[in-house]
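The exercises below are meant to be worked with the sequence and the structure side by side.

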Amino acid sequence: MEIISLKSGSKGNSCLVLSGATKILVDCGISGKSAAAALGKNGVAPEELAGILVTHEHSDHIKGIGVMMRRYGIPVYANSATWAAMTGDLGKLNSDYIKIFEKAEPFSVGDIGVTPFEIPHDAAYPVGYRFDDGHDSGAVATDMGVLTEEVMRTIAGCRTVLLESNHDINMLEAGSYPYPLKQRIRGSLGHLSNDDAGKGAELLVKMGSEKIILGHLSEENNYPGLAFETVKSALQRAGILVDRDLMLSVAT
Ligand SMILES: [Zn+2]
Ligand SMILES: [Zn+2]
């Protein structure tokens with residue numbers, strides 16, 4: 001199983017999950033045109049996608065969903081609360097491609113078993129996803145104010161994890177964002193900091209993860225080298241070495 005980030009950050013999120021013949025997208029927060037181009041760079045035609053899974057209705061996750069459904073006939077999966085919250089933003093929809101699951105109930109898309117899990121974030125019913133194909137496992141866990149026990153329990157043991165490393169606390173504090181927005185980001189329904197990602201990565205590696213991709217970086221309050229070094233140092237303090245014990249990268 002492979003998780004490939006097509007776009008990550010405050011300006012749009014989408015990643016490709018590949019397992020055997022099954023290809024799925026998690027979120028499409030970029031235009032349909034950009035998504036098709038990014039898929040093409042990875043040798044995937046949009047028509048090959050077995051589905052798009054939506055984590056939550058924020059625009060950086062759903063911008064291209066309507067176009068992808070209409071243009072390429074791709075089924076879109078979201079829970080009923082998320083469908084209710086995003087339907088008005090997607091344009092005209094063909095009901096054949098609307099797939100609804102209830103809260104965090106597991107289901108399958110092609111050869112991939114999908115387990116949604118609730119995440120603490122300010123949206124209708126936001127979820128992350130765990131994937132299992134019988135041989136390998138992966139998870140997408142971004143847009144979380146805190147790493148809850150439920151999240152850690154669900155993604156424990158996943159070989160590959162796309163983990164949020166949204167902001168550097170000092171850059172956020174000193175930065176130009178208005179106070180209420182700063183409060184929202186660092187709040188329990190906001191986003192994980194680089195330090196939070198460091199703690200999460202330590203736990204994940206101790207539970208068997210081998211590959212961690214840091215994602216959803218803020219363009220204002222973070223940069224790839226800082227996220228990488230912060231998490232790498234946190235791991236080092238716990239006796240875990242990048243390249244020896246895990247592969248660490250940043251989705252930009
Ligand atoms: Zn969000
Ligand atoms: Zn987001």
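His121 is buried, as is Asp143, where buried means under 20% relative accessible area, exposed over 50% and partly exposed in between, computed with a 1.4 Å probe on protein chains only. The model is a predicted one, in which local features need pLDDT of at least 70 and side-chain atom pairs count only at pLDDT 80 or more, while totals for chains, interfaces and linings use all residues. Residues are numbered from 1 along each chain as its sequence is written, chains are lettered from A and ligands numbered from 1 in the order in which they are written, and side-chain values use heavy atoms, with hydrogens and water left out.

**Exercise 1. Determine which residues coordinate the zinc ion (ligand 1), and how the donor residues are spaced in sequence.**

Solution. Begin with the donors, which are N, O and S atoms within 2.8 Å of the metal (3.2 Å for Na, K and Ca); water is not among the atoms, so sites may look incomplete. On this criterion the zinc ion (ligand 1) is coordinated by His56 (NE2), His58 (ND1), His121 (NE2) and Asp143 (OD), at 2.2 to 2.8 Å. Reading these donor residues along the sequence gives the spacing H-x1-H-x62-H-x21-D. His121 lies in the loop between strand 8 (112-118) and strand 9 (127-132), and Asp143 in the loop between strand 10 and helix 5, so the pair ties together parts that are 22 residues apart in sequence. Helices (H or I, at least four residues) and strands (E, at least two) are DSSP runs, numbered from the N terminus.

**Exercise 2. Classify the arrangement of the four donor atoms around the zinc ion (ligand 1).**

Solution. First recall the rule: four donors count as tetrahedral if all angles lie between 85 and 135 degrees; four count as square planar and six as octahedral if opposite donors are over 155 degrees apart and all others between 65 and 115; anything else is irregular. The four donor atoms around the zinc ion (ligand 1) subtend angles of 87 to 176 degrees, and the arrangement is therefore irregular.

**Exercise 3. Describe the site of the zinc ion (ligand 2), and find which residue bridges the two zinc ions.**

Solution. The zinc ion (ligand 2) is coordinated by Asp60 (OD), His61 (NE2), Asp143 (OD) and His216 (NE2), at 2.1 to 2.2 Å. The angles among these four donor atoms run from 90 to 169 degrees, and the site is irregular. The two zinc ions, ligand 2 and ligand 1, lie 3.4 Å apart, and Asp143 bridges them. Asp60 lies in helix 2 (residues 59-62) and Asp143 in the loop between strand 10 (137-141) and helix 5 (149-155), so this pair ties together parts that are 83 residues apart in sequence. Both Asp60 and Asp143 are buried.

**Exercise 4. Characterise the fold through its elements and its radius of gyration.**

Solution. The protein has nine helices and 13 strands. Its radius of gyration is 17 Å, close to the 18 Å that the globule rule gives for 252 residues, so the protein is as compact as a globular protein of that length; the radius is taken over C-alpha atoms, and the rule is 2.2 Å times the number of residues to the power 0.38. Buried residues make up 54% of the 252 residues.
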